[in-house]
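Let us take a walk through a protein model together, one feature at a time. Keep the picture open beside the text and look for each part as it comes up.

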Amino acid sequence: MQKILIVEDDEKLRDELEIFLNNNGYQAESLKQFQNTIQEILNIAPNLILLDINLPEANGEFICKEIRKKSNVPIIIITSSDNEMDELLSINYGADHYITKPFNIQILLAKINSVLRRMNIGLAQDKIIAPDFTINLSKSTLIKEGKEIELTRNELKILKCLNEKRDKIVSREELMEYLWESESFIDDNTLTVNITRLRNKLEELNLKELLETRRGQGYILKISQ
Amino acid sequence: MKIKNFLKDKILQITLILFGLVTIEIFLLAYTTDNFIKLYIPITILSLYLISIFVEYMRKKKFYKTIYEVINELDEKYLISEVVDTPNFFDGKILMEIIKQLDKSMIENVNKYKYLMEDYKEYIEMWIHEIKLPIASGKMIVENNKTEATKSINEELDKIENYTEQALYYARSNTVEKDYYIRKCNLKELVNEAIRKNKKTLISEKISINSHDLDKTVNTDSKWLTFILNQIIQNSIKYRNKASKSEIEFYAEEGKENSILYIQDNGIGIEKSEVSRVFEKGFTGTNGRTTNKKSTGIGLYLCKKLGTKLGLGIELESTKKEGTLVKIVFPNNSYLNIKS
């Protein structure tokens with residue numbers, strides 16, 4: 001499991017972030033005091049760091065710079081300052097992303113995912129292997145037992161989203177927000193059309209029963225028996 | 001400075017001199033018979049006096065003329081004491097001295113308010129910095145405890161976030177100093193960012209987005225422009241026509257001198273007589289009063305103000321019941337005419 005370290009001095013935000021990341025398949029830890037921050041971070045050796053800039057007795061930008069000297073760990077800065085100079089400075093000191101509070105939690109999660117995926121090249125970076133099918137992200141295809149079917153951009157994203165929340169109901173709003181996040185500003189009707197097409201494609205691979213519609217609630221991608 | 005007014009001012013002096021001359025003449029007539037002396041003394045005195053008055057007049061006239069000319073040309077008239085040389089006559093020196101003292105006291109006074117404003121702006125920025133943290137925490141708590149109630153709280157948090165942002169930009173729009181950075185930005189990215197920011201409402205209110213021809217480069221500050229776009233999108237959402245399917249269209253045209261971004265909605269539109277006033281501070285209009293939307297009359301006012309600072313033109317056209325079109329004009333050479 002990937003370890004994420006939260007370096008943030010606001011207790012409430014820190015705790016909630018920890019819960020959220022733990023719920024989303026990461027092992028989250030956080031620093032409780034900031035005396036010897038740099039050494040502590042290096043001792044914990046996380047896979048990714050979420051770093052606040054304004055910390056008691058330390059400055060995030062400085063920490064970022066010092067850690068970069070010794071480690072290649074991805075760093076995402078989380079701060080209240082939406083000043084472009086701070087952003088520039090942080091990126092120059094080696095931060096991977098710069099997110100301002102109040103942040104959109106889904107964007108943060110997406111950024112964490114993408115940074116970690118890039119760090120773990122070789123770990124199926126362009127393929128999502130589910131128990132009953134494989135998605136080839138770079139070719140945008142759905143594969144089952146050697147049979148390959150092309151997916152459109154939107155179908156690929158819908159399937160990816162449903163697969164990430166396997167066995168949970170995903171509402172139409174959630175699906176749309178997921179698509180909008182990647183700049184496909186589709187409307188309600190288009191979503192229906194896309195889902196129908198995706199269902200047809202799943203049927204071609206005898207996977208039709210995987211995708212169920214829950215009336216008034218959304219869709220669910222079940223785990224095959 | 002007219003000679004008549006000058007002489008009027010000297011009336012006492014002239015009367016006394018004439019009186020003196022007449023007295024001397026009476027004495028001369030009584031005690032001497034020499035015609036030469038009878039004429040020479042009064043004429044010499046009179047002409048010397050006239051010369052001295054004339055010289056004085058010319059000096060003063062020159063000085064006051066320059067002062068008037070300079071004061072008419074100067075935009076900041078209080079700088080007069082820096083521009084005009086101190087004259088070499090006494091009351092002119094006094095005048096300049098007084099002007100200098102006035103200037104000094106005025107500048108001190110203005111600086112006091114400048115400082116107070118700067119101080120206030122700093123406080124607002126700090127406050128906004130602080131308030132972002134509880135908003136972020138609140139949103140995280142909602143994310144970890146999803147229910148109908150927290151979803152509704154989240155909507156309120158979004159509103160708080162928007163109002164906070166508006167306050168921040170309001171504070172920024174009023175300062176003299178420059179806190180933006182103009183650089184080349186991709187219009188599509190900025191528009192998408194603003195759409196994404198409002199995606200929750202746009203999706204739940206089933207408003208379609210139609211964006212095309214946006215892949216263009218413009219010179220602007222990305223954060224400020226996103227804020228402006230955000231305000232315009234929120235207006236489109238607020239004043240949508242609930243009777244029909246809402247749509248917002250984004251597209252851009254590239255011209256020789258400028259690029260124009262169009263934002264067209266099919267909302268309830270604005271009364272014709274009110275279109276020209278929408279950028280006024282505090283103007284809410286019929287829509288603001290009748291649609292029960294709690295208009296503040298700040299959004300578009302701020303857009304215009306920030307836009308002007310960035311050197312952008314912001315225009316609005318609207319037809320009642322059909323929709324509103326907002327145009328943002330980006331000059332191609334905006335680095336040449338950015339207003340500081």
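A cavity is a set of grid points where a 1.4 Å probe fits but cannot get out, and its lining residues are those with an atom within 4 Å of a point. Keep in mind that this is a predicted model. With that in hand, how many cavities of 30 Å³ or more are there? The count comes to 1, and the volume of this largest cavity is about 30 Å³. Its lining is made up of B:Ile207, B:Ser236, B:Arg240, B:Asn241, B:Ser246, B:Glu247, B:Ile248, B:Asp265, B:Asn266 and B:Gly267. Sorted by kind, these lining residues give 2 nonpolar, 5 polar and 3 charged.

Now for an open space. The second largest pocket has a volume of about 290 Å³, and 18 residues line it. Nearest its centre you will find A:Ser81, A:Asp82, A:Asn83, B:Glu125 and B:Arg172. Which helices supply at least two residues each to this lining? They are helix 4 (84–92) of chain A, and helix 5 (90–144), helix 6 (148–173) and helix 9 (222–238) of chain B. Helix 5 of chain B gives the most, with 4 residues. The lining as a whole divides into 9 charged, 5 nonpolar and 4 polar residues.

Staying with chain B, find helix 3, which runs from residue 35 to residue 73 and has 39 residues. From its first C-alpha to its last, helix 3 of chain B reaches 57 Å, close to the 57 Å expected at 1.5 Å a residue. Several of its residues are buried, among them B:Tyr49, B:Ile53, B:Tyr57, B:Phe63, B:Ile67 and B:Val70. B:Lys38 and B:Lys60 are buried in this helix too. What covers the buried residues of helix 3 includes helix 1 (3–9), helix 2 (11–31), helix 4 (80–83) and helix 5 of chain B.

Next, follow chain B to strand 6, residues 313–319. In a regular strand the side chains alternate between the two faces of the sheet. Which residues of strand 6 of chain B lie on its covered face? They are B:Ile314, B:Leu316 and B:Ser318, while B:Gly313, B:Glu315, B:Glu317 and B:Thr319 make up the uncovered face. Strand 6 of chain B runs antiparallel to strand 7 (residues 323–331) of chain B, and 7 bridges join the two. As an example of this pairing, B:Glu317 has B:Leu325 in strand 7 as its bridge partner.

These two strands of chain B form a hairpin with 3 residues between them. Most residues other than glycine have a negative phi, and most peptide bonds are trans. Is B:Lys321 buried or exposed? B:Lys321 counts as exposed because its relative accessibility is 68%, and exposed means over 50%.

Let us move over to chain A. Its secondary structure comes to 8 helices and 14 strands, and its C-alpha atoms fill a box of roughly 60 × 35 × 30 Å along the principal axes. Chain A has 225 residues, of which 50% count as buried. Take the contacts in chain A between residues at least 6 apart in sequence: 55% of them join residues at least 24 apart.

Chain A has its own backbone features to look for. A cis peptide bond, with omega about -10°, joins A:Lys101 and A:Pro102. A:Pro102 sits in the loop between strand 7 (97–100) and helix 5 (105–119) of chain A. Further along, A:Glu145 has a positive phi of about 45°, although A:Glu145 is not a glycine. Its place is the loop between strand 10 (141–144) and strand 11 (147–150) of chain A. A:Glu145 counts as exposed because its relative accessibility is 74%.

Our last stop is a sheet in chain A. Here 3 strands form an open sheet in the order 12-14-13, with antiparallel pairing. The edge strands are strand 12 (169–170) and strand 13 (211–214) of chain A, each of which pairs on one side only. Strand 12 of chain A is joined by 2 bridges to strand 14 (residues 218–221) of chain A. One residue pair to look for is A:Ile169 with its bridge partner A:Ile220 in strand 14.

How values were computed: Residues are numbered from 1 along each chain as its sequence is written. Chains are lettered from A and ligands numbered from 1 in the order in which they are written. This is a predicted model: local features need pLDDT of at least 70, side-chain atom pairs count only at pLDDT 80 or more; totals for chains, interfaces and linings use all residues. Side-chain values use heavy atoms; hydrogens and water are left out. Buried means under 20% relative accessible area, exposed over 50%, partly exposed in between (1.4 Å probe, protein chains only). Two strands pair if DSSP finds at least two bridges between them. On a 1 Å grid over the protein atoms alone, a cavity is a set of points where a 1.4 Å probe fits but cannot get out, and a pocket is an open set with protein on both sides within 12 Å along at least five of seven lines; lining residues have an atom within 4 Å of a point. Grid points are joined across faces, edges and corners, and a volume is the space filled by probe spheres set on the points. Ala, Val, Leu, Ile, Met, Phe, Trp, Tyr, Cys and Pro count as nonpolar, Asp, Glu, Lys and Arg as charged, and the others, Gly among them, as polar. The expected span of a helix is 1.5 Å times one less than its number of residues. Contact means heavy atoms within 4.5 Å.
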